[in-house]
Amino acid sequence: MRRNNNSKGFNKKEPKLEITASYKVNRSEELLTFLLNKCNTSRNNVKSLLTNHQVLVNGSVVTQYNLLLAKDDEVKLSKRPLKLDPVEQRRERKKYYSFNILFEDEDFIAIDKPQGLLSVESDNEKECAFSYVLGYLQQKNKSLRPFVLHRIDKETSGVLVFAKNVKIHSMLRLNWNEYVKTREYHAVVEGRMEEKEETIVSYLKENTNNLVYSTNDPSGQKAITHYKVVKQSQEFSLLKVKIDTGRKNQIRVHMQELNHPIVGDDKYGCNKNPLKRLGLHASRLEFVHPITKELITIEAPVPRIFYGLFGK
């Protein structure tokens, strides 16, 4: 296992954006070429958009015309110029995120994502781990950028991995589930578990309110979750959870199905919040390097507050 325990801090930005255009990337190409094809305008006009800080990739302002895009990136154009200078941003941001770089080599960078931070931007929120990792990489080399391999929920903390080149991204992104060997989480759930170890298998679907639910209908996405009790009290249980499938909200839905929802998860039926956050943490991820075939293991320590509910 290789890892790097350098610690990096990032400030939280609260941009006020007025987006005039939004594009989804379908294949890898340079940013300037992509914008020329999409914007139906002159090369000089596109370069002006970049120079004036009006182009965002996955929620982060970029200026380099030769930035390499990857499939599924999102490129947006801002009506007004956006501030880019890191010193000015640090002065203006109101909140501060600090997290560890768990692992970094020439192909990957993995962070311990804090709870409350999106993996990548959404339509309603631009704050995301991608932007901060991009900033960190480009402080070292302007040609570097992260490529999104997977996501974890905003309120879930823990291991989040990005590729550092488009070749590795393309190889892994298409067959991520085949390369991933272990997805391990720790969860604090409501109540005392009747079974100390169990496997839950069901199919997941999403309703019109974007709420995922469990069903026996095989037209849904099959989801397999294994758990084992680590600690418990009369009120709560700490579980080690491994999932064979990475479905949206999978662990949260399966815990609700067992009538032991994750603490702090009012979306899926829990009315208790002793941690003042969602009690879910991505603690371990193992995947095979697509070229060297090396097994890469990345771990993020379980938050101490999780154990705090169960005494020493």
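In which strand does Thr225 lie? Thr225 belongs to strand 15, which runs over residues 221-232. Keep in mind as you explore that this is a predicted model.

**The chain as a whole**

Let's start with the big picture. The chain contains 8 helices and 18 strands. Of its 312 residues, 51% are buried. Among the contacts with a separation of 6 or more, 66% are between residues 24 or more positions apart. The chain exposes about 15600 Å², and 44% of that comes from carbon and sulfur atoms.

Now find Thr225 in the structure. Is Thr225 buried or exposed? Its relative accessible area is 0%, so Thr225 counts as buried, the limit being under 20%.

| Side chain | Partner side chain | Distance |
|---|---|---|
| Thr225 | Gln250 | 2.8 Å |
| Thr225 | His254 | 2.7 Å |

Setting aside neighbours within four places in sequence, the residues in contact with Thr225 include Glu198, Thr199 and Ile200, as well as Val241, Lys242 and Ile243. Gln250 and His254 are also among these contacts.

**Val241, a contact of Thr225**

Follow the contact from Thr225 to Val241. Val241 lies in strand 16, made of residues 236-243. With a relative accessible area of 0%, Val241 is buried. Leaving out residues up to four places away in sequence, Val241 touches Thr225, His226 and Tyr227, along with Arg183, Glu184, Tyr185, Ala187 and Ile251.

**Helix 5 and its buried face**

Next, turn to helix 5, residues 166-173. Which residues of helix 5 are buried? They are Val166, Ile168, His169 and Leu172. Looking down the axis of helix 5, you would see its buried residues fall within an arc of 160°, so they line one face of the helix.

What covers the buried residues of helix 5? The cover includes strand 6 (68-69), strand 9 (108-113), strand 10 (147-148) and strand 11 (157-163). Helix 6 (176-179) and strand 17 (280-288) are also part of the cover.

Finally, look at the start of helix 5, where a side-chain oxygen of Asn165 comes to within 3.2 Å of the backbone nitrogen of Lys167.

Terms used
Residues numbered from 1 in each chain as written. Predicted model: local features only at pLDDT ≥ 70, side-chain atom pairs only at ≥ 80, totals over all residues. Heavy atoms only, no water. Helix = DSSP H or I, 4+ residues; strand = E, 2+ residues; numbered from the N terminus. Buried < 20%, exposed > 50% of the residue type's maximum accessible area, 1.4 Å probe, protein only. Polar contact = N/O pair within 3.5 Å; in protein donor to acceptor, adjacent residues only side chain to side chain. Contact = heavy atoms within 4.5 Å. Arc of directions from axis to C-beta. Areas by Shrake-Rupley, 256 points an atom, 1.4 Å probe, with all protein chains shown as cover.
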